[in-house]
Amino acid sequence: MAPNQDEHHLVAHYVSCFALVHTGRLVLRRVRLEDGAAMFAVHGDPATNLHNPSGPDPDRATSDEALRVWLQDWECEGYGYWAITLSSSENILGFGGVRRIMWRGRDVLNLYYRLTPSAWGQGYASEMAQEAVMLARRHMPSLPVIARTRTNNVASIRVAERAGLQRRPDLDTEHVVFASGWTFVDGA
């Protein structure tokens, strides 16, 4: 079944709001197929995966497959994870933003951020996360925003807090969970 006209308008609206976003220091842009090398540089780096139980991407093909999924999100939803650059440079610092996933039996927006170690400690992840959460709450208020991290990933916890998400111990599993807009529905 083909998407109806309302769905096309909604996707176009999201693209206009999310595809190219400027913050104080950053450019948050829609990912592109040619971002594969940068994707592997970030996701294949053991340092950026210290808290990831799956570890770093083992090869470029793994990163390319994830990138294809992210590109499909942009085509189908009109938003997804961004490539993050400084306003003054085209070099990709990392990737992040919100992406619709199914979690605990419901649609949520997963807040994600992974930056190259040279970009750590400068507030870039927090700046990106704050913008992503603000846009998500403004344009998709019915979808909760969540961030899941490990208890020992202090930097990631700080980013989630700075983005305005609240710690939700009632949702914790093997992760520490932060959320905005989460309400219990039918016991979930």
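User: In which sense do strand β5 and β6 pair, and over how many bridges?

Analyst: Strands pair if DSSP finds at least two bridges between them. Strands are DSSP runs (E, at least two residues), and helices are runs of H or I with at least four, numbered from the N terminus. Here β5 (residues 106-115) and β6 pair in the parallel sense, over two bridges. Leu 109 stands opposite Val 145 in β6. This is a predicted model: local features need pLDDT of at least 70, side-chain atom pairs count only at pLDDT 80 or more, and totals for chains, interfaces and linings use all residues. Residues are numbered from 1 along each chain as its sequence is written, and side-chain values use heavy atoms, without hydrogens and water.

User: Which strand pairs with β6 in the antiparallel sense?

Analyst: Strand β8 (residues 176-180) does, over five bridges. Ile 146 has Ala 179 in β8 as its bridge partner.

User: Why is β6 largely enclosed?

Analyst: Buried means under 20% relative accessible area, exposed over 50%, partly exposed in between (1.4 Å probe, protein chains only). Four of the five residues of β6 (residues 145-149) are buried, so the rest of the structure largely encloses this strand.

User: How many aromatic pairs does the structure hold?

Analyst: Rings of Phe, Tyr and Trp (its six-membered ring) pair if their centres lie within 6.5 Å; planes under 30 degrees apart are stacked, over 60 edge-to-face, the rest tilted. The structure holds nine such pairs. One of them is Phe 18 with Tyr 79, tilted, at 5.6 Å centre to centre and 40° between the planes. Phe 18 lies in helix α1 and Tyr 79 in the loop between α3 and β3, so the pair ties together parts 61 residues apart in sequence.
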